[in-house]
Amino acid sequence: MIRISRILVLATLVFAACSTEDDSNGGGNSNDNFDRGAMLANWADNVIVPSFENFQSETQKLEAAAKNFAANPEMSELEALRAQYEDAYLEFQTVSMFQIGKAEELNYRNFLNTYPVNESSLESKIASGEYNLSLPSSFTEQGFPALDYLLYGYGSAEATLEKLGGNENYSNYLVAISERINALTSEVTASWQGDFRDTFVNNTGSSSTGSVDRFTNDYVMYFEKILRSGKIGYPSGALTGTPSPGNAEALYAGISKELYLKAFNSFEDFYKGKTGPSYSQYLDYLGSMKDGSDLDALIRDQFEAIKAQSADLNNNLKSQVESDNTKMLTAFDELQKAVILLKVDMMQSLSTSVDYVDSDGD
Amino acid sequence: MRFSPGKYLKKNTEAAPLAVFRLFFGIMMFASIVRFWLNGWIEKLYIAPKFFFSYYGFEWVKPLGDFTYLIFIICGIAALMVAAGYKYRLAIVLFFLSFTYIELMDKTTYLNHYYFISILSFLMIFLPANVYFSVDAFRDPAKAFQKIPNWCVDSIKLLLGIVYFYAGLAKINSDWLFRAMPLKIWLPSKYDLPLLGDLMQQEWVHYAFSWSGMLYDLFIPFLLLWKKTRFPAFIMVIIFHVLTRVLFPIGMFPYIMIVSALIFFSPKLHHRILKKISGWLKISKQRFDNSRTLVFAGLKQQLSLAVVSVFFIIQISFPWRYLLYPGELFWTEEGFRFSWRVMLMEKAGYAQFKVVDGETGKRFYVDNSDFLTPFQEKQMSFQPDFIIEYAHFLAEHFKKDGHKNIEIYVDSYVALNGRKSAPYIDPEVNLLNFADSFEHKTFILPFNDEIKGL
């Protein structure tokens, strides 16, 4: 008997040691199991890739419009460029949350939408004609906030045309930042159209490096930091106690509410999954085995509350902060309730480890 | 047949089981240290963070920058010396001190397993684990003994028994048994395991695991003690721990427990193991089989027995200290640690700290990622003693930055075992009015549910 037990110990140790590499990507697609592969495929094929493709066509038009204006600095070209800037900025809100893969590697979101813009250093760079837009230190001198400043920051269309039209430094810079927005977007879109899509979809593992875990961390972080803090929290001073309307998005064009709602709706659509399974269905699947409250319904209700409250907001959130900031603070509180549902309850239900902590547990 | 302590203390047994235990313990500890290092965890957990959470009364234990590696080197070498039985007493003291120092540096990384290693190595200081099959005994035949007092081996069994039995007792609660929590959250997320993945989705599996886990923990010490059930019990030990290894990120612990359980077997098995090892190492095992019996006498015996007795009285009573606190243990975590409450909770939290100028009313929120790693933030967000320590740290930090009349408040939410998240700390309370202590923390909001059981 002792002999057997010794053999068993050895066999077990060997078996257990082998099972250390348990980050396997076994499909496990039986019918009574929620299919994460299908969810990832839905995310990639029906949401992420089409969103990037749409946005890319906008950034192409943006680059073209900027070049048009540079070649022919007239009022009609300026108006076309201004309109295209708004269209592209709006479309950007549908991809901003996908900071994973190439976008993460490139620091895509920071290059396209770090605000408020640093006006004085932007002006001095334009005046000198020397700049390197690929430096992280130039986040605040490019992207949509820089376009916003250049296209709307000088006041009326006439004043803007006068400022930009007669000066090659300005039109060169406009072209340079539009080109960069388009180039970065092409790069990210191409990676999704290429290998990255499969890498993403096939990484169905349950470890902290699996796609669902990683994406969920980014997705929730986006809601908390970019949507809640960035668009509402900082301008209203909910986080600092001091309102600073100058921190609103699209400060000069004054379209901040539209951008906020576009971003929020995209986030909600993603949660609901559009044409296929997403978090909503995943939580339903897990919730069906759990007593207590229906988490999916709580989250959907909170999304409705956020949208209902936002009807009270001025189209320009900067003006809203200046005229009646309590409405902004209410908006923040509603968003905050969703943060807790997403970050605490949803992450717990999905058993998603917070970020890539890979140390031992009990 | 009355049990007589005097007679019991005079009983002797073979030293081989304890020697085997020492050898494997040392090797596994060395492997654990190497694994920890290779995983980059020394850097990640003890060097990179800007702030470390201290245990009450051990605020002076901090990582030493790059010298932290030195502590791990000392610990690793000590573990090897323990394995070899070379300058054993010095080695095991060094191991205990360095390992415990490492664990005290930041309570973020607290695990019951680490606490187990700490107290086990403390106990081993007082056991003659080096009198047989060791370098010490090889070099100095005067220190070599084939037999030792029975209690020396039994004390290891008792400690293992306490760990299992208390872990079993802790599982007798309504969340574990009647809601299958937290296994119901954890198991379905293992959908990608080969063979087991689909099974993990079944509700009956969650309940089966919960109940059998409870029964296993409660009864395994007794099944190992009783000769007739020992072998099947050991098979169960292997299956149980391998399963936990496959299902959870649990590191070296399963191997340590499997190997430790060998101590329940008769000396015959241990002699065979040592014979095999002697063969590999080409040393003569006979040299140790000198038939001499180690006798503890006089002061030495009294001192060793006194320390070991006090040690076990503490071990047996300490896990019950939670009864002295009001409120739900899982919610307040007052008296939760050091009590073999393993895998009982899935808890997640969210804590947003607000720094307020008490005079002007000006306020701002803290970005926790400025000060804490994601791991630390996670642990902090649902443990009150972390929250209070962090609040004081924030006050110090912002005072240095020139802020005045600082008050610290926290908006926090915690979800426990699948319940909807609920407010956790009273948001109206200035945390600076409280210092960490063993007293009940009155600023924890009540738990709006009931978990029945021990």
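A:Ala331 is buried, because 25 other C-beta atoms lie within 10 Å. Buried here is a count: 20 or more other C-beta atoms within 10 Å of the residue's own, with exposed at 12 or fewer, partly exposed in between, and C-beta atoms placed from the backbone. This is a predicted model, in which local features need pLDDT of at least 70 and side-chain atom pairs count only at pLDDT 80 or more, while totals for chains, interfaces and linings use all residues. Residues are numbered from 1 along each chain as its sequence is written, and chains are lettered from A and ligands numbered from 1 in the order in which they are written.

Back to the alanine. A:Ala331 sits in helix H16 of chain A. Helices are DSSP runs of H or I with at least four residues, strands are runs of E with at least two, and both are numbered from the N terminus. Which residues does A:Ala331 touch, leaving aside those up to four places away in sequence? They are A:Ile232, A:Gln309, A:Ser310 and A:Leu313. Touching means that the C-beta atoms of the two residues, placed from the backbone, lie within 7 Å. For A:Gln309 there is also a C-alpha distance to A:Ala331, 6.5 Å, with the two 22 residues apart along the chain.

Next, helix H14 of chain A, residues 295-310. Its 16 residues should span 22 Å at 1.5 Å a residue, and the end C-alpha atoms are 23 Å apart, which agrees. The expected span is 1.5 Å times one less than the number of residues. The buried residues in H14(A) are A:Leu295, A:Asp296, A:Ile299 and A:Ile306. Viewed down the axis of H14(A), the buried residues fall within an arc of 110°, so they line one face of the helix. That arc is taken over the directions from the helix axis to the C-beta atoms. As background, an α-helix has 3.6 residues a turn, so residues three or four places apart point the same way. On the face of H14(A) turned away from the buried side are the exposed residues A:Glu304 and A:Ala308. The cover over the buried residues of H14(A) includes helix H12 (256-272), helix H13 (279-287) and helix H16 (325-350) of chain A.

At what angle do the axes of H3(A), residues 75-92, and H8(A), residues 157-165, cross? Roughly 105°, and the axes come within 10 Å. The axes are lines fitted to C-alpha atoms, for helices over the stretch in contact, and angles run from 0 to 180 degrees between N-to-C directions. H3(A) and H8(A) are therefore roughly perpendicular to each other. The classes are roughly parallel under 35 degrees, roughly antiparallel over 145, roughly perpendicular from 65 to 115, and oblique for the rest. From H3(A), A:Met75, A:Leu78 and A:Glu79 meet A:Ala157, A:Thr160 and A:Leu161 of H8(A). The residues of this contact divide into 4 nonpolar, 1 polar and 1 charged. Nonpolar covers Ala, Val, Leu, Ile, Met, Phe, Trp, Tyr, Cys and Pro, charged covers Asp, Glu, Lys and Arg, and the others, Gly among them, are polar.

For chain A overall, there are 16 helices and 0 strands. Of its 362 residues, 46% are buried. Among contacts between residues at least 6 apart in sequence, 75% join residues at least 24 apart.

Chain B next. Helix H8 of chain B, residues 150-170, has 21 residues and reaches 30 Å from first C-alpha to last, close to the 30 Å expected. Its buried residues include B:Trp151, B:Leu160 and B:Tyr164. B:Pro221, in helix H11 of chain B, touches B:Leu160, B:Gly161, B:Tyr164 and B:Phe165, again not counting residues up to four places away in sequence. B:Pro221 is buried, with 21 other C-beta atoms within 10 Å.

Last, backbone exceptions. Most residues other than glycine have a negative phi, and most peptide bonds are trans. The bond joining A:Tyr115 and A:Pro116 is cis, with omega about 0°, and A:Pro116 is in the loop between helix H5 (108-112) and helix H6 (119-128) of chain A. In chain B, the bond from B:Met181 to B:Pro182 is cis, with omega near 0°. B:Leu195 is not a glycine, yet has a positive phi of about 70°. Is B:Leu195 buried or exposed? Exposed, with 9 other C-beta atoms within 10 Å. B:Met343 has a positive phi of about 60° and is not a glycine either. With 20 C-beta neighbours inside 10 Å, B:Met343 counts as buried.
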